[in-house]
Amino acid sequence: MVVTRRQRQAAEEANINADEYDLNVQVATSKTPKKGATPSSQKQHDHAHHDHRGCPAHLLKEATNGDSKTKGNEQGESQLSQMISYGIIILLAIITYATYPGNTLGNKGLDPTIHTVFYYGWISAISTGFGVLPLCFVREMKEYWVGVSNAIAAGMMCAASYSLFVEGCTFHDDNDDSSLSPVVRTAIGCAMGLLFILGTKSFLDSHEDVKVGSLSGADTRKILLIVFVMTLHSFSEGVGIGVSFGGEHGNELGVFISASLAVHNIPEGLAVAIVLLPRKVSKATAAIWCVVTSLPQPLMAVPAFMFVHSFLPILPVGLGFAGGAMMWVAFMELLLEAYEDTDLVTTGVTSTLALGVMLAVQRTIEDSH
């Protein structure tokens with residue numbers, strides 16, 4: 001069962017009201033003094049008169065000092081987190097420069113090597129982080145625009161799911177020796193993806209105390225779920241890069257597939273960043289999470305290139321697996337939350353426009369080959 005944000009807020013308000021009721025009952029009971037006993041208010045007054053710690057000015061000062069210490073700690077943690085994020089970005093840039101394969105990159109006269117295949121997969125993964133750039137000019141989004149952003153992300157993820165399903169169902173290769181049709185294998189992968197994402201969500205819901213940095217509770221579970229889904233679909237894309245380099249067309253097809261995925265990953269990174277930034281995640285950290293979701297591409301491209309004949313039969317299964325998981329998150333998480341923050345018309349129109357634009361971009365990339 002999917003619990004909406006309004007249901008969670010209602011449950012929290014109910015708990016707060018119950019606590020306030022218990023407190024009022026205790027206060028009302030304590031107002032009736034026993035015979036011969038000194039009223040508690042007079043005792044408190046006498047204590048405050050003889051002890052300066054009970055005066056309102058001193059209490060206000062302590063509260064102010066406590067708040068300032070807490071805010072200082074939170075700012076320190078935030079600055080430390082951003083410094084670490086910038087350090088990781090610099091490290092990624094160094095790796096990108098150090099692993100450059102030189103003259104073998106894109107040379108049609110040379111056979112592809114493991115180094116070349118890894119680097120193309122790495123560049124495809126790094127390009128996902130550029131999806132944060134359009135959001136660098138936005139300081140803060142109100143609740144309505146958070147809903148619009150979720151609708152845009154949902155539309156993009158639906159387009160990506162559709163493309164994965166089509167690619168899996170129409171998959172054809174002369175070296176594919178599987179007895180099952182690509183449609184059946186894609187359908188099996190889709191069912192496995194739905195079961196996996198439901199199990200993942202159930203696991204995250206049972207661990208409400210999970211934390212990622214300064215986030216906790218529902219926000220953390222939502223982020224982890226989306227990161228899991230986007231990471232899963234990168235496995236199949238990594239296999240696609242490796243298989244394209246290992247096919248009969250070699251470097252030419254592999255370069256095109258990798259470049260297409262690099263361009264395709266930018267709006268996917270934007271979809272991830274749109275979900276992260278409204279939840280108080282910094283832009284640098286969001287860029288890192290975007291890259292993390294695509295790291296399986298270079299990691300899977302190398303073994304797929306080395307054992308291309310073994311990976312061909314399972315490629316439609318992987319495409320269907322990623323498409324099914326991504327479609328569930330788009331409909332049951334992002335669209336539902338977008339509807340809560342905006343309205344039905346805004347959610348429908350925005351997600352449909354995002355879906356159309358994403359499909360048009362993908363069609364343009366395919367037609368350019």
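I began with helix α9 (residues 283-294): its 12 residues should span 16 Å at 1.5 Å a residue, and its end C-alpha atoms are 17 Å apart, which agrees. The expected span I used is 1.5 Å times one less than the number of residues in the helix. Helices here are DSSP runs of H or I with at least four residues, strands are runs of E with at least two, and both are numbered from the N terminus.

A note on what I am looking at: this is a predicted model, where local features need pLDDT of at least 70 and side-chain atom pairs count only at pLDDT 80 or more, while totals for chains, interfaces and linings use all residues. Residues are numbered from 1 along each chain as its sequence is written, and side-chain values use heavy atoms, with hydrogens and water left out.

**Entry: cover on α9**

I found α9 mostly covered, with 9 of its 12 residues buried. Buried means under 20% relative accessible area, exposed means over 50%, and partly exposed is in between (1.4 Å probe, protein chains only). Among the buried residues of α9 are Ile288, Cys290 and Val291.

**Entry: the whole chain**

I counted 13 helices and 2 strands in the chain. Of its 369 residues, 41% are buried. The chain exposes about 21000 Å², and carbon and sulfur atoms supply 63% of that; the areas come from the Shrake-Rupley method with a 1.4 Å probe, and for residues only the protein chains shown count as cover. I also looked at contacts (heavy atoms within 4.5 Å). Among those between residues at least 6 apart in sequence, 81% join residues at least 24 apart.

Helix α6 (residues 182-205) has 24 residues and reaches 34 Å from its first C-alpha to its last, close to the 34 Å expected. Its buried residues include Pro182, Arg185, Gly189, Gly193 and Ile197.

For helix α4 (residues 114-126), the 13 residues should span 18 Å, and the end C-alpha atoms are 18 Å apart, which agrees. Tyr119, Tyr120 and Trp122 are among the residues buried in α4.

**Entry: the cavity**

A cavity is a set of points on a 1 Å grid over the protein atoms alone where a 1.4 Å probe fits but cannot get out, and lining residues have an atom within 4 Å of a point. Grid points are joined across faces, edges and corners, and the volume is the space filled by probe spheres set on the points. The largest cavity has a volume of about 30 Å³. Helices α5 (143-169) and α8 (251-276) are the elements that give two or more residues to its lining.

Which residues line the largest cavity? They are Met156, Met157, Ala160, Met230, Pro267, Glu268, Ala271 and Met326. I make that 7 nonpolar, no polar and 1 charged, where Ala, Val, Leu, Ile, Met, Phe, Trp, Tyr, Cys and Pro count as nonpolar, Asp, Glu, Lys and Arg as charged, and the others, Gly among them, as polar.

Glu237 is in helix α7 (residues 218-246). At 7% relative accessibility, Glu237 counts as buried. Leaving aside neighbours within four places in sequence, Glu237 is in contact with Leu261, His264, Asn265, Glu268 and Gln297. Glu237 and Gln297 are 60 residues apart in sequence, yet 6.0 Å apart C-alpha to C-alpha.

Gly318 lies in helix α12 (residues 315-341) and counts as partly exposed at 24% relative accessibility.

Note on methods:
1 Å grid on protein atoms, 1.4 Å probe; cavity = no way out; pocket = protein on both sides within 12 Å on 5 of 7 lines; lining within 4 Å.
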